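Here is a short briefing on one protein model and its ligand. Please keep the structure open while reading.

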Amino acid sequence: MFVIGSGAKHLEEEISKNAKILKTEIKKFPDGEKYVRILEHGEEVIVVQSTYRPQDEHLIETIIIGDALKEAGFEKLKLVVPYLAYSRQDRVTKEGEPISVRAIMKMLGLYYDELYVFDIHNPKTLDFFPGKAVNIYPAKVIAEYFRDKLENGLVLAPDRGALERAKEVANILGLEYSHFEKERISPTEVKMTPVDVNVKGRNVLIVDDIISTGGTMIRAAEILKDLGAEKVFVVATHGVFAEGAIERVSKAVDELAVTNTIPTKVSKISIVPEIMRSILEVKS
Ligand code: R5P
């Protein structure tokens, strides 16, 4: 049985094709606080809740859903978080700062026994969660979306840190993969070059975890076009788009797509099959 939080409403219809959705009542009081009521009983449940904007509201709702489920007698609570807010605040950079993702993990661990997150910024931070915690990279759905567009294709990561993602997607498609290397030319200038691959005349897919301002993807796409790439496609797991970023990136590339961990107008790739595969072990 699944409980769908307000941040995962856009996934409900697809999830309901494969699983039962538990009846709940979730609403907002006139003062802005959330109200949650669980209307059915059982032993084990999977809560799906994405914690994009308004992040704090989605997080608090997740906690009170957990409390309501325990109160209703559920014993095992699994939590699927397509996009985990605060996951980029994973270290202290200035004295006096928190490790926010640790605080969030501990809070979720008060109610939930298992946690499944999609493409978390730093997988090591899953250790802060007290129970079983799994990071899912939706390589299969990303690869399938682009399969027919990548004749003479190549998969690139915008930096070495994202290479694993490029490798996973490329391996599914049987394509070559590599990454951009960044070289600092001056205090304000960084040169980006694709390493050990010839992009001329080829269709290139750039994969990253997040697109925010779009600066990283636009830069990489411009370099590829300058080097003679045929078509440049960009994909990220999470579309945390800053104002105007969708339009700016779309203009610079042949196609922009993100998954639906966050609902946006370019969330063309559904992670629901990955939820079913990873948690319910449904084959597809
Ligand atoms: C960086 O570590 C991330 O993987 C992304 O490359 C970055 O967050 C993208 O940001 P933007 O879209 O603002 O360039």
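In this predicted model, a polar side-chain atom of Ser270 lies 3.2 Å from the backbone nitrogen of Val272. The side chain of Ser270 also makes a polar contact of 3.3 Å with the side chain of Asn260.

**Ser270 and its surroundings**

- Ser270 sits in the loop that runs between strand 14 (267-269) and helix 8 (272-280).
- Neighbours within four places in sequence aside, Ser270 is in contact with Glu14, Val141 and Asn260.
- Of these partners, Asn260 is the one named above for its side-chain polar contact with Ser270.

**Domains**

- The protein chain is divided into two parts: domain 1 covers 2-136, and domain 2 covers 139-269.
- The C-alpha centres of domain 1 and domain 2 are 29 Å apart.
- Ten residues from domain 1 and eleven residues from domain 2 take part in the contact.

**Ligand site**

- Which residues surround the ligand? They are Asp208, Asp209, Ile210, Ile211, Ser212, Thr213, Gly214, Gly215 and Thr216.
- The shell divides into two nonpolar, five polar and two charged residues.
- The side chain of Asp209 places an N or O atom 2.6 Å from an oxygen atom of the ligand.
- For the side chain of Thr213, the distance from an N or O atom to a ligand oxygen atom is 2.5 Å.
- Thr216 has a polar side-chain atom 2.5 Å from an oxygen atom of the ligand.
- On its own the ligand has 380 Å² of accessible area, and the protein covers 73% of this.
- Two elements give two or more residues to the shell: strand 11 (203-211) and helix 6 (215-226).
- Strand 11 gives the most, with four residues.

**Asp90**

- Asp90 is found in the loop between strand 5 (76-81) and helix 3 (100-109).
- Is Asp90 buried or exposed? Asp90 counts as buried because its relative accessible area is 10%, under the 20% cut-off.
- The side chain of Asp90 makes a polar contact with the side chain of Asn122, at 2.9 Å.
- Residues up to four places away in sequence aside, Asp90 touches Ile99, Val101, His121, Asn122 and Thr125.

**Helix 3**

- Helix 3 has these buried residues: Ser100, Val101, Ile104, Met105, Leu108 and Gly109.
- Val101, one of the buried residues of helix 3, is also among the residues that Asp90 touches.
- What do the buried residues of helix 3 pack against? Their partners are helix 2, strand 5 and strand 6 (114-118).

**Arg147**

- Arg147 lies in the loop that links helix 4 (139-146) and strand 8 (153-157).
- Arg147 counts as partly exposed because its relative accessibility is 37%, which falls between the 20% and 50% cut-offs.
- With residues up to four places away in sequence not counted, Arg147 touches Ile172 and Leu173.
- Arg147 and Ile104 are 43 residues apart along the chain, and 37 Å separates their C-alpha atoms.
- Ile104 is one of the buried residues of helix 3.

**Backbone features**

- Where is the cis peptide bond? The bond from Arg53 to Pro54 is cis, with omega near 0°.
- Pro54 has its place in the loop between strand 4 (44-48) and helix 2 (55-71).
- Tyr86 is a residue other than glycine with a positive phi, near 70°.
- The loop between strand 5 and helix 3 holds Tyr86, and Asp90 is found in that loop too.
- Tyr86 is partly exposed, at 29% relative accessibility.
- Asn152, again not a glycine, has a positive phi near 50°.
- Asn152 lies in the loop between helix 4 and strand 8, where Arg147 is also placed.

Conventions:
Residues numbered from 1 in each chain as written. Predicted model: local features only at pLDDT ≥ 70, side-chain atom pairs only at ≥ 80, totals over all residues. Heavy atoms only, no water. Near = heavy atom within 4 Å. Polar contact = N/O pair within 3.5 Å; in protein donor to acceptor, adjacent residues only side chain to side chain. Areas by Shrake-Rupley, 256 points an atom, 1.4 Å probe, with all protein chains shown as cover. Nonpolar A, V, L, I, M, F, W, Y, C, P; charged D, E, K, R; others polar. Buried < 20%, exposed > 50% of the residue type's maximum accessible area, 1.4 Å probe, protein only. Contact = heavy atoms within 4.5 Å. Domains from an automatic or database assignment.
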